[in-house]
Amino acid sequence: MYIEYKGKFYRPLHPRPTVVLGTLCKNGRVNLMPASWNTPVSEEPPTVAIAVDKTTYTYECLEYHGEATINVASDTQIQLVYDLGSVSGRSVDKVEKFSVELVPSVKIKPPGLQGSLAILEGRVMSRYPVGEVMLYIFEILLVRVLEGIADEWGLDLSKANLLLHSAGRVFYRVAPTKLFARKRV
Ligand SMILES: Cc1cc2nc3c(=O)[nH]c(=O)nc-3n(C[C@H](O)[C@H](O)[C@H](O)COP(=O)(O)O)c2cc1C
């Protein structure tokens with residue numbers, strides 16, 4: 001039996017893997033913003049879509065400089081991710097305030113976030129205004145992962161865990177149980 005869900009429509013789509021967007025801003029700062037509304041889009045070209053609220057400083061920074069690192073958050077980064085999502089780079093230098101360690105990028109200017117499970121380097125390829133957000137499609141120019149935690153199928157959750165965002169201060173991590181479907185056809 002199904003019952004109508006009276007909460008916000010997107011809640012049953014959470015918890016979601018969280019990334020931290022690293023951008024360059026007009027004031028010369030690097031800014032970092034967590035975003036759980038993210039998804040791969042196409043393989044050729046390799047693209048990732050991220051919904052960025054137009055009130056965020058990250059939106060302004062992306063309009064100023066259309067490159068970003070997409071940092072896949074680890075469960076160990078929970079407090080930093082929450083902190084980065086609780087204040088705007090418009091009023092504070094988050095890198096300084098939270099003593100964030102950055103990783104130089106290879107193909108783009110904005111740096112990555114040290115400790116992330118993976119760092120994707122992206123360049124804005126297209127953008128679509130949808131309601132209160134700008135949906136950015138990033139072409140992915142380079143993908144780097146922390147050594148030893150990923151194989152050809154993706155992250156090995158017995159070696160490092162994803163940070164899934166539920167809502168507000170609530171996060172999850174997955175229990176590392178690998179499941180195999182049977183091949184039936
Ligand atoms: C875990 C988490 C996920 C978030 N996901 C998004 C998102 O997908 N899109 C968005 O616009 N804001 C999202 N937010 C809110 C922004 O991160 C928040 O508004 C942030 O302070 C914006 O920073 P900025 O003004 O420096 O860009 C999220 C916040 C948290 C804590």
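**Entry 1: overall make-up**

I began with the secondary structure and counted three helices and 14 strands in the chain. I note here that the model is predicted. Next I looked up the overall dimensions. The C-alpha atoms fill a box of roughly 55 × 40 × 35 Å, taken along the principal axes. I then checked the radius of gyration against the rule for a compact globule: for 185 residues the rule gives a value near 16 Å, and the chain has 17 Å, so the two agree. For burial across the chain, I found that 43% of the 185 residues are buried.

**Entry 2: strand β2**

I turned to β2, which spans residues 19–24. How many of its residues are buried? I found six of six, and I list the strand as mostly covered. I also sorted the side chains by direction. Val 19, Leu 21 and Thr 23 point one way from β2, while Val 20, Gly 22 and Leu 24 point the other way. The residues of both sets are all buried.

**Entry 3: partners of β2**

Which strands are joined to β2 by bridges? I found β3, residues 30–35, joined to β2 by six bridges, and β6, residues 67–72, joined to β2 by four. The pairing with β3 is antiparallel, and the pairing with β6 is antiparallel as well.

I noted individual bridge partners. On the β3 side, Val 20 is partnered with Pro 34 and Gly 22 with Leu 32. On the β6 side, Val 19 is partnered with Val 72.

**Entry 4: strand β3**

I repeated the burial check on β3. Six of its six residues are buried, so I record the strand as largely enclosed by the rest of the structure. Both faces are covered: Val 30, Leu 32 and Pro 34 lie on one side, and Asn 31, Met 33 and Ala 35 lie on the other.

**Entry 5: the ligand shell**

**Entry 6: polar contacts and cover of the ligand**

I looked up contacts to oxygen atoms of the ligand. Asn 31 places a polar side-chain atom 2.8 Å from a ligand oxygen. For Pro 34, the atom is a backbone N or O, 3.0 Å from an oxygen atom of the ligand. Trp 37 also has a polar backbone atom 3.0 Å from a ligand oxygen.

Definitions and conventions:
Residues are numbered from 1 along each chain as its sequence is written. This is a predicted model: local features need pLDDT of at least 70, side-chain atom pairs count only at pLDDT 80 or more; totals for chains, interfaces and linings use all residues. Side-chain values use heavy atoms; hydrogens and water are left out. Buried means under 20% relative accessible area, exposed over 50%, partly exposed in between (1.4 Å probe, protein chains only). Helices (H or I, at least four residues) and strands (E, at least two) are DSSP runs, numbered from the N terminus. Two strands pair if DSSP finds at least two bridges between them. A polar contact is a pair of N or O atoms within 3.5 Å; within protein, one must be able to donate a hydrogen and the other to accept it, and residues adjacent in sequence count only if both atoms are side-chain atoms. The radius of gyration is taken over C-alpha atoms; the globule rule is 2.2 Å times the number of residues to the power 0.38.
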